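I opened a new notebook page for this chain.

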Amino acid sequence: MKRRHVFKAFLLLVLAGALSGTVHAGGQQDFGDYVVHFNALSTDFLSPDVARSYNITRSRNRALINISIMKKSLGVGTEPQLAVVTGKAVNLRGQTIPLQFREVRDSTAIYYLAEVGIDDGETLDFMIEATPRDSGPLSVRFRQQFFTR
């Protein structure tokens, strides 16, 4: 399967999760000229082909955080943007886990992916900062509880 088709299958999985409301937490935040899309899901939900193609560790005890930054353009809608993405996850005990994002490009799409270990029933607060080339930092926060059984 070509890499582009595999990533489209990944995006369909994420969309299916968004529609069901049970697979992941996610959403978007508007910053005027920019929109930041974000979600988190157990890597166990990824097909083996998708996980292998994007070098993602597939496990029910790992979560994938997916960030994309879009710039609003008149007449075009939105366009993917390059950015520096950093972040951390904090559990309810106050333990901080740094997130290491890596850039993934697929045709014209740009995504920033990070993985983190999770335990059954664990709740993580994600604090993400995305800085597009021609903008200041865009900060996003969201909470996700994970179930691994």
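**Fold and conventions**

I read the chain along its sequence and got the pattern α-β-β-α-β-β-β-β-β-β-β-β. The secondary structure comes to two helices and 10 strands. Both kinds are DSSP runs numbered from the N terminus: helices are H or I with at least four residues, strands are E with at least two.

I noted that this is a predicted model, where local features need pLDDT of at least 70, side-chain atom pairs count only at pLDDT 80 or more, and totals for chains, interfaces and linings use all residues. Residues are numbered from 1 along each chain as its sequence is written, and side-chain values use heavy atoms, with hydrogens and water left out.

**Surface and contacts**

I looked up burial next. Buried residues make up 44% of the 149 residues. Buried means under 20% relative accessible area, exposed over 50%, and partly exposed in between (1.4 Å probe, protein chains only). The chain exposes about 8,200 Å², and carbon and sulfur atoms supply 49% of that. These areas come from the Shrake-Rupley method with a 1.4 Å probe; for residues, only the protein chains shown count as cover.

I then took contacts, meaning heavy atoms within 4.5 Å. Among those between residues at least 6 apart in sequence, 58% join residues at least 24 apart.

**Cores**

Which residues have the most contacts inside the largest nonpolar core? I found Ile67, Ile69 and Phe126, in a core of 27 residues. A nonpolar core is a set of buried Ala, Val, Leu, Ile, Met, Phe, Trp, Tyr and Cys residues joined through side-chain atoms within 4.5 Å. Strands E2 (34-42), E3 (62-73), E5 (83-91), E8 (109-117), E9 (123-132) and E10 (138-145) each give it two or more residues. A second, separate core has 11 residues, including Leu41, Leu64, Val104 and Tyr111.

I listed partners of Phe126, leaving aside neighbours within four places in sequence. Among them are Ala40, Ile65, Leu99, Val116, Val140 and Phe142.

**Pro132**

I found Pro132 in strand E9. Pro132 counts as buried because its relative accessibility is 2%. Beyond neighbours within four places, Pro132 contacts Tyr34, Ile69, Leu82, Ala83 and Leu138. Pro132 and Tyr34 are 98 residues apart along the chain, and their C-alpha atoms are separated by 9.0 Å.

**Positive phi**

I checked two residues other than glycine. Asn55 has phi near 55 degrees and lies in the loop between helix H2 (48-53) and E3. Ser107 has phi near 60 degrees and sits in the loop between strand E7 (102-106) and E8. Asn55 is exposed at 63% relative accessible area; Ser107 is exposed at 64%.
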